[in-house]
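The briefing then goes through its contacts and its surroundings.

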Amino acid sequence: SKVPPIILNNGVEMPQLGFGVWQVPDDEAESAVATALEAGYRSIDTAAIYGNEEGTGKAITASGLPREELFVTTKLWNADQGYDSTLRAFDTSLEKLGLDFVDLYLIHWPLPARGTYVDTYKAFEKLHADGRIRAIGVSNFLPEHLERLIGETSVIPAVNQIELHPHLQQSAAREYHAEQGIATEAWSPLGQGKGLLEVPAIVAIARKHNRTPAQVVLRWHIQLGNVVIPKSVTPARIKENIEVFDFSLDTEDLAAISALNENRRLGPDPATFDGA
Ligand code: NAD
């Protein structure tokens, strides 16, 4: 494969770059995921709330790729937190995907005011022990949520998927994850493509390497050790976003991008978000 793996804390290999499908309608997901698989992506990031597990699963089945060459992530939605409801929601996700196991299952948000993520995670541990999930993890957890989870459960999460891009570099979270052996996965790695790809420092680095701004930002993540899951429905961009393993940023480039941090979130604050 074009994409090198990282080794999760339970020995499972996860491609360092995958394809995200948030906001891709179910009837477009099949062709978008098919394009990604043709371009060489082997990791797909979906979620129950995205409403496109069926389209995603159709592309996976139609690809004819051996299941063991693929890495499929889905996420438990907030309304399904709790032990029994998690077991039911997982069955529904597997059925929609048309799979008999997933590679990674994530708690989508911690919802700290509800206090249900520990019970939810205990259901994840059961599904993992039953061989239906190869690695279990979380998303949008702050270090304080991880600390409670690790104190009250047995399996250290393999991954925490958090908002992370040059305007929100998350150094404290990344450091805490590294101490605990948790892989950091960046969501909205391109800052949702908004102003970030026009920032002069990034445009200048792209020119210097004869690459695109998106490739520079993705390469910055890769050199930091993050897992990335850029999203696009445009075939040329889908292809462009995986072509980031044949060049390197130098220390000067990395420093210039590090200087762009503004601690600015595009998404909700996990400490207070309680979305249904
Ligand atoms: P992203 O940072 O991947 O940006 C995607 C957008 O950037 C595209 O819609 C397009 O407008 C633009 N873009 C993509 N490639 C480009 C290119 N080569 N050149 C120019 N513009 C380009 O944003 P995202 O979709 O929010 O995040 C990626 C994935 O992360 C999602 O699809 C989803 O799988 C995951 N995610 C997870 C959570 C969570 O709570 N766990 C939240 C948001 C996203």
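A polar contact is a pair of N or O atoms within 3.5 Å; within protein, one must be able to donate a hydrogen and the other to accept it, and residues adjacent in sequence count only if both atoms are side-chain atoms. This is a predicted model, in which local features need pLDDT of at least 70 and side-chain atom pairs count only at pLDDT 80 or more, while totals for chains, interfaces and linings use all residues. Residues are numbered from 1 along each chain as its sequence is written, and side-chain values use heavy atoms, with hydrogens and water left out.

- An oxygen atom of the ligand lies 3.3 Å from an N or O atom in the side chain of histidine 108.
- For the side chain of asparagine 140, the distance from an N or O atom to a ligand oxygen is 2.9 Å.
- At tryptophan 22, a polar backbone atom is 3.0 Å from an oxygen atom of the ligand.

**Shell around the ligand**
- The ligand is surrounded by 27 residues (a heavy atom within 4 Å), and the closest are Asp45, Ser139, Ser188, Leu190 and Asn241.
- By class, this shell has eleven nonpolar (Ala, Val, Leu, Ile, Met, Phe, Trp, Tyr, Cys and Pro), five charged (Asp, Glu, Lys and Arg) and eleven polar residues (the others, Gly among them).
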